[in-house]
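Please walk through this model with me, from its ligand site to its aromatic contacts and its loops.

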Amino acid sequence: MSNRSTGQPRHVVISGGSRGLGKAIVQGLLDAGYQVSTFSRNSSEFIERFAGREGFYFARADLADGPSVSSFLKSAEALFGRPYALINCAAIAVDGLLATTSEDSIRKLLLVNAEGTLRFTRLVVRRMLSARSGGVILNISSISSLRGFTGMSAYAFTKGGLDAFTRALARELGEQKIRVNSIAPGYYDTDMSHNMSNAHKQQILRRTPLGRLGSPEDVVGAVLFFLSDQASFITGQCLVIDGGSTV
Ligand SMILES: NC(=O)c1ccc[n+]([C@@H]2O[C@H](COP(=O)([O-])OP(=O)(O)OC[C@H]3O[C@@H](n4cnc5c(N)ncnc54)[C@H](OP(=O)(O)O)[C@@H]3O)[C@@H](O)[C@H]2O)c1
């Protein structure tokens, strides 16, 4: 996907592209012709497969460690220029009742999902503002920000914050032609949901009109749409992609 004025492929930065939803999004972006930079704490088979491929850049970096993500962004920009879009996909989940959630789990959750995402977005927004050519920010939220789920209160705290952030930032950056939206996936079959019990899974399936868990590829069409010029009048919105489980 090229920039209309320069004809150059647009540069998309995505956190957490090594596995799960991020991996499917990276694949979809590359197939659509974007230049893609991504990072995660560890590499993966998927990342190794793309190593050295034109238009793709990966580095190990940790959202909880500012200098590592800053150095990732610097290298990504040296290769592909200022980012056209940022997709905040990396996050961790903590399952369990709040009363029994450890201090350490809460600290890590807030550090990665809230503080890390906020600081990394600030870094990219500064680059977008100095380029003065607009842009797109897409936050991967969760239906836990819209409905109550037992055992997910701490995680929901971070995703609810992310949706509020989406709306406020959309107002803040609209004048600079930077659009900010979010996608709220329901239950997807990824590493994040693998420790779900069979009983819980059956309960979700019963409550989901489309009768299945999401597969990571289910979010790709919406991501490409939000990044495209066809979505040029859409900002501050959240699209739920959950097979109808929250209707
Ligand atoms: N799966 C679901 O059912 C579901 C439902 C709703 C929303 N979501 C949201 O969708 C997004 C992707 O979830 P997923 O299911 O694809 O998760 P996943 O399979 O666990 O993948 C998470 C990705 O984020 C990276 N990551 C985690 N912590 C990181 C950190 N500190 N620094 C840098 N990268 C980090 C992981 O790589 P490393 O571990 O190597 O760092 C991995 O690439 C998340 O925002 C999640 O909250 C998922």
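**A tour of the model**

Start with Q8, which counts as partly exposed because its relative accessibility is 49%. Q8 lies in the segment before strand 1, which spans 11-15. Its C-alpha atom is separated from that of L123 by 23 Å. Along the chain, Q8 and L123 are 115 residues apart. The model is predicted, and that applies to every value below.

Now go to the ligand. The ligand is surrounded by 29 residues. The closest are S18, R19, R41, Y155 and T190. By type, the shell divides into 15 nonpolar, nine polar and five charged residues.

Which atoms does the ligand meet through its oxygen atoms? A polar side-chain atom of T190 lies 2.5 Å from an oxygen atom of the ligand. A polar backbone atom of C89 is 2.7 Å from a ligand oxygen. An N or O atom in the side chain of K159 is 2.9 Å from an oxygen atom of the ligand. Taken alone, the ligand exposes 880 Å². The protein buries 96% of that area. A search of the whole structure finds eight aromatic pairs. One of them joins F39 and F72. Their ring centres are 4.8 Å apart, and the planes make an angle of 55 degrees. That pair is tilted. F39 lies in strand 2 (residues 35-40) and F72 in helix 3 (residues 66-80), so the pair ties together parts that are 33 residues apart in sequence.

The cut-off for buried is under 20% relative accessible area.

F72 has a further partner. F72 and F120 form a tilted aromatic pair, with 6.4 Å from centre to centre and 45 degrees between the planes. F120 belongs to helix 4 (residues 103-131) and F72 to helix 3, so this pair ties together parts 48 residues apart in sequence. Like F72, F120 is buried. Which residues make up the aromatic cluster? F39, Y57, F72 and F120 form one cluster.

Another ring takes part in a contact with a charge. The charged end of R10 sits over the ring of Y84. The distance from that charged end to the ring centre is 4.0 Å.

Which backbone atom lies 3.0 Å from a polar atom of the S68 side chain? It is the backbone nitrogen of D62.

Next come the loops. R132 lies in the loop between helix 4 and strand 5 (135-140). Phi of R132 is near 55 degrees, a positive value in a residue other than glycine. R132 counts as exposed because its relative accessibility is 76%.

K177 is next. Its loop runs between helix 5 and strand 6 (178-185). K177 is not a glycine, yet it has a positive phi of about 60 degrees. With 62% relative accessibility, K177 counts as exposed.

The tour ends at E217. This residue lies in the loop between helix 6 (198-207) and helix 7 (220-227). Its relative accessibility is 53%, so E217 counts as exposed. The cut-off for exposed is over 50%. From C-alpha to C-alpha, E217 and Q176 are 31 Å apart in space. In sequence, E217 and Q176 are 41 residues apart.

Terms used:
Residues numbered from 1 in each chain as written. Predicted model: local features only at pLDDT ≥ 70, side-chain atom pairs only at ≥ 80, totals over all residues. Heavy atoms only, no water. Phe/Tyr/Trp six-rings, centres within 6.5 Å; stacked < 30°, edge-to-face > 60°. Helix = DSSP H or I, 4+ residues; strand = E, 2+ residues; numbered from the N terminus. Buried < 20%, exposed > 50% of the residue type's maximum accessible area, 1.4 Å probe, protein only. Lys NZ or Arg CZ within 6 Å of the ring centre and 35° of its normal. Near = heavy atom within 4 Å. Polar contact = N/O pair within 3.5 Å; in protein donor to acceptor, adjacent residues only side chain to side chain. Areas by Shrake-Rupley, 256 points an atom, 1.4 Å probe, with all protein chains shown as cover. Nonpolar A, V, L, I, M, F, W, Y, C, P; charged D, E, K, R; others polar.
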